[in-house]
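Q: Could you walk me through the packing and the charged pairs in this one? I'd like the cut-offs stated as we go.

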Amino acid sequence: MRSTRVPLRAVFDTNVLLSLFAFGGGRFAALREAVEDGRVRCVTRGDCLDEYRRVVASASLRLDEGARLEAVSRYARLAEVIAHAEPRAALPRCGDPDDQKFLELAVTAGADYLVTLDRALLALAPAVTPLRVVVPRRLREALRAS
């Protein structure tokens, strides 16, 4: 059943996306369901989507071709892809330069949440309000509270 509420806009980093779409959701199954039923709107851009595709295709994940295709196509169908744009204001620098793009995306897209398990991104949470940089559990709790 689709919610009549305005969906939360969220950016998921690559590792969270893997848990949601490549490995069946597991402990994040409730978040995947929230994305699939429209309570959470995923936002991405080309370079973030490309990273996800590369990681899903990597041999180290040991996914068969069908699972790779499903993991990418399922997310791509659900995500809103926006154009790359530079943030209007200076952002703090992430300790991991590869993760800076997720912070930039979340800010320029006006996302409510940046969902990550990455410590370097989580450390920036106090410096990027009103964006909430959270672990998946916190977004799940916010959904339950709404």
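**Packing and charge pairs**

A: Thr44 has its place in strand β2, where helices (H or I, at least four residues) and strands (E, at least two) are DSSP runs numbered from the N terminus. This is a predicted model, in which local features need pLDDT of at least 70 and side-chain atom pairs count only at pLDDT 80 or more, while totals for chains, interfaces and linings use all residues. Residues are numbered from 1 along each chain as its sequence is written, and side-chain values use heavy atoms, with hydrogens and water left out.

Q: Is Thr44 buried or exposed?
A: Thr44 is buried, because its relative accessible area is 2%; buried means under 20% relative accessible area, exposed over 50%, and partly exposed in between, with a 1.4 Å probe and protein chains only.

Q: And what is Thr44 in contact with?
A: Leaving aside neighbours within four places in sequence, Thr44 is in contact with Leu49, Tyr75, Ala79, Glu80, Val81, Ile82 and Leu105, where contact means heavy atoms within 4.5 Å.

Q: OK, core next. How many residues are in the largest nonpolar core?
A: The largest nonpolar core has 28 residues, and those with the most contacts inside it are Phe12, Phe21, Tyr52, Tyr75, Val115 and Leu139. The term stands for a set of buried Ala, Val, Leu, Ile, Met, Phe, Trp, Tyr and Cys residues joined through side-chain atoms within 4.5 Å.

Q: Which elements give two or more residues to this core?
A: They are β1 (8–12), α1 (14–22), α2 (29–36), β2 (40–45), α3 (46–57), α4 (65–78), β4 (113–115) and α7 (136–145). Of these, α1 gives the most to this core, with six residues. Apart from it lies another core, of 18 residues, among them Ala109, Leu114, Ala125 and Val128.

Q: Back to Phe21, what is it in contact with?
A: Setting aside neighbours within four places in sequence, Phe21 is in contact with Arg32, Val35, Tyr52, Ala71, Arg74, Tyr75 and Leu78.

Q: How many aromatic pairs does the structure hold?
A: The structure holds two aromatic pairs; rings of Phe, Tyr and Trp (its six-membered ring) pair if their centres lie within 6.5 Å, and planes under 30 degrees apart count as stacked, over 60 as edge-to-face and the rest as tilted. Phe21 and Tyr75 form a tilted pair, at 5.5 Å centre to centre with 45 degrees between the planes. That pair links distant parts of the chain, with Phe21 in helix α1 and Tyr75 in helix α4, 54 residues apart. Tyr52 and Tyr75 form an edge-to-face pair, at 5.5 Å centre to centre with 75 degrees between the planes. Tyr52 lies in helix α3 and Tyr75 in helix α4, so this pair ties together parts that are 23 residues apart in sequence.

Q: Where does Arg132 lie?
A: Arg132 lies over the face of Tyr113, at 4.5 Å from the ring centre; a charge sits over a ring if NZ of Lys or CZ of Arg is within 6 Å of the ring centre and within 35 degrees of the ring normal.

Q: Switching to salt bridges, how many are there?
A: The count comes to 15 salt bridges, each being a side-chain nitrogen of Lys or Arg within 4 Å of a carboxyl oxygen of Asp or Glu. The side chains of Glu36 and Arg74 meet in one of them, at 3.1 Å from N to O. That pair links distant parts of the chain, with Glu36 in helix α2 and Arg74 in helix α4, 38 residues apart.

Q: And Arg53, which residue does it form a salt bridge with?
A: Arg53 forms a salt bridge with Asp50, the closest N and O atoms being 3.2 Å apart. Because Arg53 and Asp50 are three residues apart in helix α3, about one helical turn separates them. Salt bridges that share partners also join Arg32, Glu36, Glu70, Arg74 and Arg77 into one network.

Q: Last one: is Lys101 buried or exposed?
A: Lys101, in helix α5 (residues 100–108), is buried, with a relative accessible area of 13%. Not counting residues up to four places away in sequence, Lys101 touches Arg45, Asp47, Cys48 and Glu51.
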